[in-house]
Amino acid sequence: MTSNQYDEILHNLTLESIYYSRSSLGGNDWSIRVPVYEDTSMFHVLISGNCLVKLNDTEVAMTAGDVLFIPRAIGHDVMGCNDAQTYDLYSLPVNKVSDLYETLDLNVDEQNKTIILCGVVRVSHPSGEMLLKEMPELVCIKREEHLFNSLVEGIVEVVFQEASGDLLGGESVITRLADILLIQSIRHWVATAEEHESRWLNALKDPQIGKALSYIHKSPEEQWTIDGLGKAIGMSRTAFALKFNELVGDSPMHYLTNWRMNLAELRIKNGEKVSLDMIESLGYQSESSFRRAFKKNKGYTLSQIPL
């Protein structure tokens, strides 16, 4: 993948904070069932101690400094040991520090403690959503595997200091640093994605189809056609359409429409009003044609977009 394509993906990894928590868990006789959080991603940063994370049939052992990312926030168990009694997360006593940040302390009399920072976030940009769909159920980045290891280690150390005390504004520092750790984890996976079956990323890496995707992503307002995109990347209409479908798993025009409509939905969710400027920036000349295309693509009208 070229540097520009890599940067394009990472540039759009903006995160919406949903929920963060710091848990201090004494001993190892504990197990917490984390529920499903619809349309979100989740991560765990192990600050100190050891734990197991079980998701469906996969079990991962975490040690201090590891980062676990769950792209589609599937329910899972975080355990001190396999035979501990399991408690639902919502049944445990938490201390609500702010609207976004809570703390949990269990088995406080135990000397050995496992400290975990957990976060629930939403990646809303279309390229971010497509990236998440390509990722496996979970990605565990071991401490020794961190991209820019010294930077990540430094961030984890600061998070540890903040999570271990009651410093003024500590929750703000923790949530911002946690977002950096999450993006670093995604960067690590993207950088090593050749080890995974990632159709969209493989298409982005292709010299020709990757360029066509970049044109679509950067200039959705252009009146793209199969002929026009093919000429822009030096391919015939037929060869381009066949190769695009083979690598992306979609036709160029259907992909373009999906991209435009996903952008439109994001912008409306962010408070933008439907206007001629907005419609033209997405390649449409009239509001009526845009509304029809949106309804056909999404299955619901603009007024029915869930905000």
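The points below go from the overall fold to individual helices and residues.

1. Overall content. The model is a predicted one. Its secondary structure consists of 11 helices and 12 strands. Of the 307 residues in the protein, 47% are buried. When contacts between residues at least 6 apart in sequence are considered, 73% of them join residues at least 24 apart.

2. Geometry of helix H11. This helix covers residues 287–298, that is, 12 residues. From the first C-alpha of H11 to the last, the span is 16 Å, close to the 16 Å expected at 1.5 Å a residue. After H11 comes Gly299, which has a positive phi, near 90°.

3. The buried face of H11. Three residues of this helix are listed as buried: Phe290, Ala293 and Phe294. Viewed down the axis of H11, these buried residues fall within an arc of 100°, so they line one face of the helix. An α-helix has 3.6 residues a turn, so residues three or four places apart point the same way. The cover over the buried residues of H11 includes helix H9 (252–269) and helix H10 (276–281).

4. The other side of H11. Here Arg292 and Lys296 are exposed. Arg292, which has its place in H11, shows a relative accessible area of 56% and is classed as exposed because the cut-off is over 50%. Arg292 may also be located relative to Leu302: the two are 10 residues apart in sequence, and their C-alpha atoms are 9.7 Å apart in space.

5. Packing of H6 against H8. Two packed helices are described by the angle between their axes and the distance between the axes. For helix H6 (residues 209–218) and helix H8 (residues 237–248), the angle is about 85° and the axes are 10 Å apart. H6 and H8 are therefore roughly perpendicular to each other, since angles of 65 to 115 degrees count as such. On the H6 side, the residues that meet H8 are Ile209, Ala212 and Leu213. Their counterparts in H8 are Phe240, Lys243, Phe244, Leu247 and Val248.

6. Is His44 buried or exposed? With a relative accessible area of 2%, His44 is buried, because the cut-off is under 20%. The side chain of His44 makes a polar contact, at 2.8 Å, with the side chain of His76. Leaving aside residues up to four places away in sequence, His44 touches Met62, Asp66, Val67, Leu68, His76, Val78, Ile116, Leu117 and Cys118.

7. Positive phi at Asp39. The phi of Asp39 is near 60°, a positive value in a residue other than glycine. Asp39 sits in the loop between strand S2 (31–34) and S3. At 68% relative accessibility, Asp39 counts as exposed.

8. Positive phi at Asn56. Which loop holds Asn56? Asn56 is found between strand S4 (50–55) and strand S5 (58–63). The phi of Asn56 is near 55°, again a positive value in a residue other than glycine. Asn56 has a relative accessible area of 45% and is partly exposed.

Key: Residues numbered from 1 in each chain as written. Predicted model: local features only at pLDDT ≥ 70, side-chain atom pairs only at ≥ 80, totals over all residues. Heavy atoms only, no water. Helix = DSSP H or I, 4+ residues; strand = E, 2+ residues; numbered from the N terminus. Expected span 1.5 Å × (residues − 1). Buried < 20%, exposed > 50% of the residue type's maximum accessible area, 1.4 Å probe, protein only. Arc of directions from axis to C-beta. Contact = heavy atoms within 4.5 Å. Polar contact = N/O pair within 3.5 Å; in protein donor to acceptor, adjacent residues only side chain to side chain. Axes fitted to C-alpha atoms, helices over the stretch in contact; angles between N-to-C directions. Parallel < 35°, antiparallel > 145°, perpendicular 65-115°, else oblique.
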